[in-house]
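Here's a quick briefing to read alongside the model. Keep the picture open and look up each residue as it comes along.

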Amino acid sequence: RAAESNRLVLVIDDFAAEVELTGGSDWQNIQLKAEDFQNWNGDPLPGWDGIRQLKITPAERLQPARRGKGKSRIVGKNWRGPAPEFRELRWKTTP
């Protein structure tokens with residue numbers, strides 16, 4: 001939950017997903033699929049295998065692939081209000 005409306009960015013390796021959080025005291029349930037995460041090109045995360053890093057942040061700068069051309073792009077923006085709170089944070093995959 002977040003005290004104010006914000007966008008939360010979840011990053012898996014070089015793929016990011018934005019989640020809109022409504023402000024207030026109510027807990028929000030968030031469920032994401034691999035295809036919700038996109039890289040700089042807009043390509044979806046191919047699956048959950050081989051993941052090295054999970055990051056939760058208000059914003060992330062996505063870069064083009066190594067030796068790729070183009071400018072980086074920012075996903076998310078500065079956080080407003082106190083830091084978000086998490087409960088029952090878990091990783092669950094379906095076969």
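How many salt bridges does a search of the whole structure find? It finds five, where a salt bridge is a side-chain nitrogen of Lys or Arg within 4 Å of a carboxyl oxygen of Asp or Glu. Before the details, note that this is a predicted model, in which local features need pLDDT of at least 70 and side-chain atom pairs count only at pLDDT 80 or more, while totals for chains, interfaces and linings use all residues. Residues are numbered from 1 along each chain as its sequence is written, and side-chain values use heavy atoms, with hydrogens and water left out.

- Arg-1 and Glu-85 meet through their side chains in a salt bridge, at 3.1 Å from N to O. This pair links distant parts of the chain, with Arg-1 in the segment before strand 1 and Glu-85 in the segment after strand 5, 84 residues apart. (Strands are DSSP runs of E, at least two residues, numbered from the N terminus.)
- Arg-1 counts as partly exposed because its relative accessibility is 26%, and Glu-85 counts as partly exposed at 41%. The cut-offs are these: buried means under 20% relative accessible area, exposed means over 50%, and partly exposed is in between (1.4 Å probe, protein chains only).
- Glu-18 also forms a salt bridge with Arg-7, and their closest N and O atoms are 3.8 Å apart. Here Glu-18 sits in strand 2 and Arg-7 in strand 1, 11 residues apart, so this pair links distant parts of the chain too.
- Glu-18 is partly exposed, with a relative accessible area of 40%, and Arg-7 is partly exposed at 31% relative accessibility.
- Then there's Arg-90, which forms a salt bridge with Glu-88, the closest N and O atoms being 3.8 Å apart. Arg-90 counts as exposed because its relative accessibility is 64%, and Glu-88 is exposed with a relative accessible area of 61%.
- Some salt bridges share partners, and they join Arg-7, Glu-18 and Glu-20 into one network.

**Nonpolar cores**

- The largest nonpolar core has 12 residues, among them Leu-8, Leu-10, Phe-15, Val-19, Phe-37 and Trp-79. A nonpolar core is a set of buried Ala, Val, Leu, Ile, Met, Phe, Trp, Tyr and Cys residues joined through side-chain atoms within 4.5 Å.
- Which elements give two or more residues to this core? They are strand 1 (6-12) and strand 2 (15-21), and strand 2 supplies the largest share, four residues.
- Leaving aside neighbours within four places in sequence, Leu-10 is in contact (heavy atoms within 4.5 Å) with residues including Phe-15, Ala-17, Leu-32 and Ile-56.
- A second, separate core has five residues, including Val-11, Ala-16, Leu-62 and Val-75.

**Strands 4 and 5**

- Strand 4 (residues 59-62) has two faces: Glu-60 and Leu-62 make up the covered one, while Ala-59 and Arg-61 make up the uncovered one.
- Strand 4 and strand 5 (residues 73-76) run antiparallel and are joined by four bridges. (Two strands pair if DSSP finds at least two bridges between them.)
- Leu-62 has Arg-73 as its bridge partner in strand 5.

**A glycine in a loop**

- Where is Gly-23? Look in the loop between strand 2 and strand 3 (54-57).
- Gly-23 counts as partly exposed because its relative accessibility is 37%.
- Along the chain, Gly-23 and Ser-5 are 18 residues apart, yet their C-alpha atoms are separated by 4.1 Å.
- Not counting residues up to four places away in sequence, Gly-23 touches Ala-2, Ala-3, Glu-4 and Ser-5.

**Tryptophan 91 and its contacts**

- Trp-91 lies in the segment after strand 5 and counts as partly exposed at 48% relative accessibility.
- Beyond its neighbours within four places in sequence, Trp-91 is in contact with Ile-12, Trp-48, Ile-51 and Leu-54.
- Trp-91 and Gly-24 are 67 residues apart in sequence and 25 Å apart in space, C-alpha to C-alpha.
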